[in-house]
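I opened a new notebook page for this protein. My plan was to go from the overall fold to single residues.

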Amino acid sequence: QVQLVESGGGLVQPGGSLRLNCTASGFTFSNYAMNWYRQLPRQPPGKGRELVAAIGRGGVHTLYGDSVKGRFTISRDDSKNTLYLQMNDLKVEDTAVYYCNAPISGTSHWGQGSQVTVSS
């Protein structure tokens with residue numbers, strides 16, 4: 001079955017950096033686009049997870065949410081079945097649970113989430 005396991009979250013000061021990893025198994029990783037989402041704390045009812053970044057097959061095409069453009073970089077290593085999110089110049093408002101996402105044949109698969117806390 002599809003499994004997505006995130007790692008790399010933690011506590012960092014404003015202006016710092018973190019890299020999230022997502023190790024995938026149970027499907028042919030290189031065949032699918034992949035995404036990072038985040039769930040912000042205290043979100044109003046009905047507001048779901050926010051798309052942070054997306055990457056296409058082969059890693060050629062990427063897309064970023066407006067709030068992270070120029071600070072975050074999504075990448076993938078198909079030889080390791082791993083998705084990355086390099087986060088630089090982190091801000092307090094980046095505090096969230098970050099999720100790896102794989103849309104496969106009409107079904108959206110999620111990792112367990114990784115907490116990122118930006119605080120001084």
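**Fold order.** I read the elements from the N terminus on, and they run β-β-β-β-β-β-β-β-β-β-β. I counted 11 strands and 0 helices in the protein. Both kinds of element are DSSP runs numbered from the N terminus: helices are H or I with at least four residues, strands are E with at least two.

**Ground rules.** I am working on a predicted model, where local features need pLDDT of at least 70, side-chain atom pairs count only at pLDDT 80 or more, and totals for chains, interfaces and linings use all residues. Residues are numbered from 1 along each chain as its sequence is written, and side-chain values use heavy atoms, with hydrogens and water left out.

**Size.** The protein has 14 Å, which agrees with the value near 14 Å for a compact globule of 120 residues. I also noted the span of the C-alpha trace along its principal axes, about 40 × 30 × 25 Å.

**Burial and surface.** I found that 40% of the 120 residues are buried. Here buried means under 20% relative accessible area, exposed means over 50%, and partly exposed is in between (1.4 Å probe, protein chains only).

**Contacts along the chain.** I took contact as heavy atoms within 4.5 Å. Of the contacts with a separation of 6 or more, 53% are between residues 24 or more positions apart.

**Charges.** I counted 11 positive and 8 negative side chains. Lys and Arg count as positive, Asp and Glu as negative; His and the chain ends are not counted. The centres of the two sets lie 2 Å apart, with each charge placed at NZ of Lys, CZ of Arg, CG of Asp or CD of Glu.

**R71.** Is R71 buried or exposed? I find R71 buried, because its relative accessible area is 10%. R71 sits in the loop between β6 (62-64) and β7 (72-77). I then checked polar contacts, meaning pairs of N or O atoms within 3.5 Å; within protein, one must be able to donate a hydrogen and the other to accept it, and residues adjacent in sequence count only if both atoms are side-chain atoms. The R71 side chain makes one with the side chain of D94 at 2.7 Å. The R71 side chain also reaches the backbone oxygen of S67 at 2.8 Å. Not counting residues up to four places away in sequence, R71 touches Q86, M87, N88, D89, L90, K91 and D94.

**K69.** I placed K69 in the loop between β6 and β7. The side chain of K69 makes a polar contact with the side chain of D66 at 3.1 Å. K69 and H109 are 40 residues apart in sequence, and their C-alpha atoms are 24 Å apart.

**Positive phi.** D89 lies in the loop between β8 (82-87) and β9 (96-104). D89 counts as partly exposed because its relative accessibility is 39%. I logged S105 as well: phi near 50°, positive in a residue other than glycine. S105 is in the loop between β9 and β10 (107-110). S105 is exposed, at 68% relative accessible area.

**I74.** I found I74 in strand β7. At 4% relative accessibility, I74 is buried. Beyond its neighbours within four places in sequence, I74 has contacts that include M34, W36, I55, Y64 and L85. I74 and V52 are 22 residues apart along the chain, with 9.2 Å between C-alpha atoms.

**Q39.** I placed Q39 in strand β4 (residues 34-39). Q39 is partly exposed, with a relative accessible area of 26%. Which residues does Q39 contact, leaving aside neighbours within four places in sequence? I listed K47, G48, R49, A96, V97 and Y99. Q39 and G113 are 74 residues apart in sequence and 9.2 Å apart in space, C-alpha to C-alpha.

How values were computed. Rg over C-alpha atoms; globule rule 2.2 N^0.38 Å.
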